[in-house]
Amino acid sequence: MRIHVDQDKCCGAGSCVLAAPDVFDQREEDGIVVVLDAEPPAALHDAVREAATICPAAAITVTG
């Protein structure tokens with residue numbers, strides 16, 4: 001699995017961080033998503049897919 005985030009689309013809702021806190025974080029200054037692990041282990045794949053699905057800005061893309 002590979003994760004890509006379009007930070008220009010991100011609205012800073014933080015739902016990705018709630019769904020997968022080991023993979024996503026937010027910048028303090030503006031709340032924009034930061035990917036902590038662009039290729040997370042299999043144990044986190046379901047949480048990452050959930051984060052991508054619930055992202056209100058559709059800023060998260062998951063491949064693989």
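**Close-up views of a predicted model**

View 1. H45 counts as buried because its relative accessibility is 15%; buried means under 20% relative accessible area, exposed over 50% and partly exposed in between, with a 1.4 Å probe and protein chains only. The residue H45 is found in helix α2. Helices (H or I, at least four residues) and strands (E, at least two) are DSSP runs, numbered from the N terminus. Leaving out residues up to four places away in sequence, H45 touches M1 and P40, where contact means heavy atoms within 4.5 Å. This is a predicted model, in which local features need pLDDT of at least 70 and side-chain atom pairs count only at pLDDT 80 or more, while totals for chains, interfaces and linings use all residues. Residues are numbered from 1 along each chain as its sequence is written, and side-chain values use heavy atoms, without hydrogens and water.

**View 2. The largest nonpolar core.** This core has 20 residues, and I3, C16, F24 and I60 have the most contacts inside it. Two or more residues each come from β1 (2-5), α1 (15-19) and α2 (45-54), with the largest share, four residues, from α2. A nonpolar core is a set of buried Ala, Val, Leu, Ile, Met, Phe, Trp, Tyr and Cys residues joined through side-chain atoms within 4.5 Å. Beyond its neighbours within four places in sequence, F24 is in contact with residues including I3, V33, L36, A51 and I60.

View 3. C55 is in no disulfide either, and the nearest cysteine sulfur, that of C11, is 6.2 Å away. C10 counts as buried at 16% relative accessibility, and C55 is buried with a relative accessible area of 16%.

Key:
Disulfide = S-S within 2.5 Å.
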